[in-house]
Amino acid sequence: MNLYHLNTFLSVARFLSFTRAAQELNLTQPTVSSGVRDLERSLGVKLFNRSGRSIDLTMEGRLLLTYAEQIHDLTTEAEDRIHHREIEPGESFRFGAIDAAVIYVLPDVLEAYHSRFPSVDISVQVDASRFLVDEILRGRSEFGVLTLPYVHPKIDTMPLLEDSLTLVVGSGHPLASRKGVRLEQVVTETLILFHEGSVSRKPVDEHLAEAGLSPGRVMEMSSPEAMRKLVEAGVGVSFLPNMTVQDALTEGTLVALNVVGVSMQRRIGLAWRRGRYFSPAIQAFLDLIVGNFGLMEVWQTRLRGTD
């Protein structure tokens, strides 16, 4: 086993595609396939199940992927620290974020970063938290800004802010004139909710289950902005993150209602693969994020704890 074969395997494992791995490595597909076969021969095991044009990792392949990621991080860290590398023109990285984070948390950070490092290219994947974590685990994304808590043995997290989930109705809705409602009344309305299984949906489901209630009509989606627009149009009511509805509440297009005996919170924070080394370009971006929330000391402590 050598680093060349290991890096080839790592790229194929991330994309589950020899073609895309070849493109990333600037190699021909036969060269990539040959490198994987050489590694399989040296280890005496099959690393991929091949079925036509699709592939997936074997049990041995999944085990090797864990070590390959750690070795890749360590060699990258060693090279950077040995050369005391600075951020260089043309660098790029990719991270993921939930819709609300891109709109309400990251704009100032992105503006400040591009002002300091205009030659660094950033790609942002906008998706639900569970899909962002999957991209982190596959090595396709450096980190994520997502809804917490998210528990996974290979993922570290750090909260950045806490936001309440507020019941909102359109200004013309029959409930808009009330100061408060009971949960029993809420479930008689069309509920516009985040997808089942999402971190932001969980507290709603838990409160309904505790009260022994089931909603009659539910519309599910992942974008809080789309949900807000539907509530404004009178399609239904929704429990939405407070940060996403503040403008609408001020403008009067939405009305917030107190639900008797119900209080729901969610946290937004960082998530990254445990033991992950961040290059100087990525580290500078993360420092800006945590610095915006006055959490630099906590962040530095977390990083020292993973060294």
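**Exercises on backbone and helix packing**

At 70% relative accessibility, asparagine 26 counts as exposed (buried is under 20% relative accessible area, exposed over 50%, partly exposed in between, with a 1.4 Å probe and protein chains only). This is a predicted model, in which local features need pLDDT of at least 70, side-chain atom pairs count only at pLDDT 80 or more, and totals for chains, interfaces and linings use all residues. Residues are numbered from 1 along each chain as its sequence is written, and side-chain values use heavy atoms, with hydrogens and water left out.

**Exercise 1.** Describe the backbone at asparagine 26, leucine 16 and proline 149.

Step 1. Most residues other than glycine have a negative phi, and most peptide bonds are trans.

Step 2. Asparagine 26 is not a glycine, yet its phi is positive, about 60°. It lies in the loop between H2 and H3 (helices are DSSP runs of H or I with at least four residues, strands runs of E with at least two, numbered from the N terminus).

Step 3. Leucine 16 also has a positive phi, near 50°. It sits in the loop between helix H1 (3–15) and H2, and is partly exposed at a relative accessible area of 25%.

Step 4. The peptide bond joining leucine 148 and proline 149 is cis, with omega about 5°. Proline 149 belongs to the loop between strand S5 (144–148) and S6.

**Exercise 2.** Determine how H2 and H3 cross, and which residues meet.

Step 1. The axes of helix H2 (residues 18–25) and helix H3 (residues 29–43) come within 8 Å and cross at roughly 105° (axes are lines fitted to C-alpha atoms, for helices over the stretch in contact, and angles run from 0 to 180 degrees between N-to-C directions).

Step 2. H2 is therefore roughly perpendicular to H3, a term for angles of 65 to 115 degrees.

Step 3. From H2, Phe18, Thr19, Ala21, Ala22 and Leu25 meet Gln29, Val32, Ser33 and Val36 of H3 (contact means heavy atoms within 4.5 Å).

**Exercise 3.** Which residues of helix H9 are buried, and what do they pack against?

Step 1. In H9 (residues 202–210), the buried residues are Pro203, Val204, His207 and Leu208.

Step 2. They lie on the same side of H9 because they cover an arc of only 135° around the axis, taken from the directions from the helix axis to the C-beta atoms.

Step 3. Their partners are strand S6 (155–170), helix H8 (183–186), strand S8 (190–194) and strand S10 (238–241).

Step 4. Exposed Lys202, Ala209 and Glu210 are on the face turned away from the buried side of H9.

Definitions and conventions
Parallel < 35°, antiparallel > 145°, perpendicular 65-115°, else oblique.
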